[in-house]
Amino acid sequence: MPEWLAWCQGRFVPLSEAALPWVDAGFVYGAVVVDNARTFRRRLFLWSRHLERLRRHCQLCHIPLPYSETELTVIADHLLTHNGQFLTAEEEIQVVTFVTPGPLGWLTGEEHNGPPTVGMMTYPLPRQRYRRFFSEGVTLEIVGHQHAHPNDILPPAIKHRSRLMWFLAERRKHHPTSVPVLVNQQGIGDTALGAIVAVRDGTILLPPKEWVLESISVQFLCELCQSENIPVEESPWDMRHLWDPQFDAAETPLGKPISELLLVGTAFCIAGVRRLISSSGERIFPWPGDMYSSLLAAWERHVGTAIAQSFLKD
């Protein structure tokens with residue numbers, strides 16, 4: 001019986017048989033650089049940017065990526081074609097590509113490590129996971145702190161597979177439907193699902209890019225803003241005080257508070273935040289906000305898909 005395929009080390013294999021050896025550095029150290037892309041109408045979205053980031057992050061982590069962009073694209077297209085036959089025509093797909101340093105020599109009796117392990121898999125875009133984002137807005141919950149500094153040996157911008165801190169964050173939240181947020185020593189917040197963006201006086205405020213995970217979706221958001229004549233700036237706004245609507249108003253010379261929060265990520269593109277929860281209090285934002293509605297419409301026009309409706313339909 002035909003089944004879903006994955007690809008690893010030059011071979012297409014049944015997904016049920018895909019595995020990472022226990023001697024691989026990806027298992028032993030959790031040393032994995034990863035990328036997660038999605039399709040619109042079964043065509044990969046911003047794929048070249050995802051591959052460029054993957055290669056650059058591999059270089060920063062000293063992990064060779066021995067396949068070209070063309071080779072990885074051929075692999076992805078084959079997986080989309082084969083695995084897509086098991087889905088309805090309207091369902092979209094996510095593509096995960098990962099790279100590890102490969103087997104460790106001290107575990108295999110070899111003098112050197114490697115060769116690197118490269119793999120790719122696909123899965124149906126989980127619409128149910130994000131449906132609430134479009135039916136009632138996002139709830140963000142600040143659940144703890146995580147030291148993150150651009151000068152760390154593993155900078156916060158690197159997209160890697162170690163998700164232990166997010167595994168723990170999920171178990172520290174008090175509201176079952178919230179998206180857990182970790183803030184660093186500057187109060188800059190990030191999530192496992194996407195980047196947090198603020199709106200103040202008609203301007204999009206981005207977290208400083210070196211302090212949070214590098215986001216292809218945020219880069220695309222900036223391009224949409226440019227086409228829509230929406231100003232964008234980086235700003236180290238402190239999430240720990242946003243529960244108090246008077247705090248951020250007092251901190252800006254214009255006296256304008258942060259009026260909206262947005263969550264931006266590959267799978268769902270852009271969503272509006274309705275509720276922010278912390279141990280200090282709670283803040284309710286207008287939902288759907290004007291900026292969110294405008295940018296969602298612009299995103300939908302660009303991809304030719306009713307993004308919100310695609311998550312809301314049965």
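The expected span of a helix is 1.5 Å times one less than its number of residues. Keep that in mind as we look around this predicted model.

Helix 9 covers residues 290-303, which makes 14 residues, and it reaches 20 Å from its first C-alpha to its last, close to the 20 Å expected. Which of its residues are buried? They are Met291, Tyr292, Leu295, Leu296, Ala298, Trp299 and Val303. These residues cover an arc of only 160 degrees around the axis, so they lie on the same side of helix 9. After the helix comes Gly304, with a positive phi near 65 degrees.

**Strands and their partners**

Now let's turn to the strands. Strand 13 (residues 258-265) is mostly covered, with seven of its eight residues buried. Strand 13 pairs with strand 10 (residues 195-200) in the antiparallel sense over six bridges, and Glu260 is the bridge partner of Val199. Strand 13 also pairs with strand 14 (residues 269-278), again antiparallel, over four bridges. A hairpin of three residues joins strand 13 to strand 14.

Elsewhere, six strands form an open antiparallel sheet in the order 2-1-6-5-3-4. Strand 2 (11-14) and strand 4 (43-44) stand at its edges, each with a single partner strand, so one side of each is left without a neighbour in the sheet. Within this sheet, strand 5 (residues 93-100) and strand 6 (residues 117-124) run antiparallel and are joined by eight bridges; Val95 has Thr122 as its bridge partner.

**Aromatic rings**

How many aromatic pairs does a search of the whole structure find? The search finds 11. One of them is Phe45 with Phe220, an edge-to-face pair with centres 5.2 Å apart and planes at 85 degrees. Phe45 lies in the loop between strand 4 and helix 2 (47-60) and Phe220 in helix 7 (residues 216-227), so the pair ties together parts that are 175 residues apart in sequence.

Tyr130, Phe133, Phe134, Phe268 and Phe311 form one aromatic cluster.

Charges meet rings too: Arg38 lies over the face of Phe40, 3.7 Å from the ring centre, and the charged end of Arg171 sits over the ring of Phe167, 3.6 Å from its centre.

Methods: Residues numbered from 1 in each chain as written. Predicted model: local features only at pLDDT ≥ 70, side-chain atom pairs only at ≥ 80, totals over all residues. Heavy atoms only, no water. Helix = DSSP H or I, 4+ residues; strand = E, 2+ residues; numbered from the N terminus. Buried < 20%, exposed > 50% of the residue type's maximum accessible area, 1.4 Å probe, protein only. Arc of directions from axis to C-beta. Pairing = 2+ DSSP bridges. Phe/Tyr/Trp six-rings, centres within 6.5 Å; stacked < 30°, edge-to-face > 60°. Lys NZ or Arg CZ within 6 Å of the ring centre and 35° of its normal.
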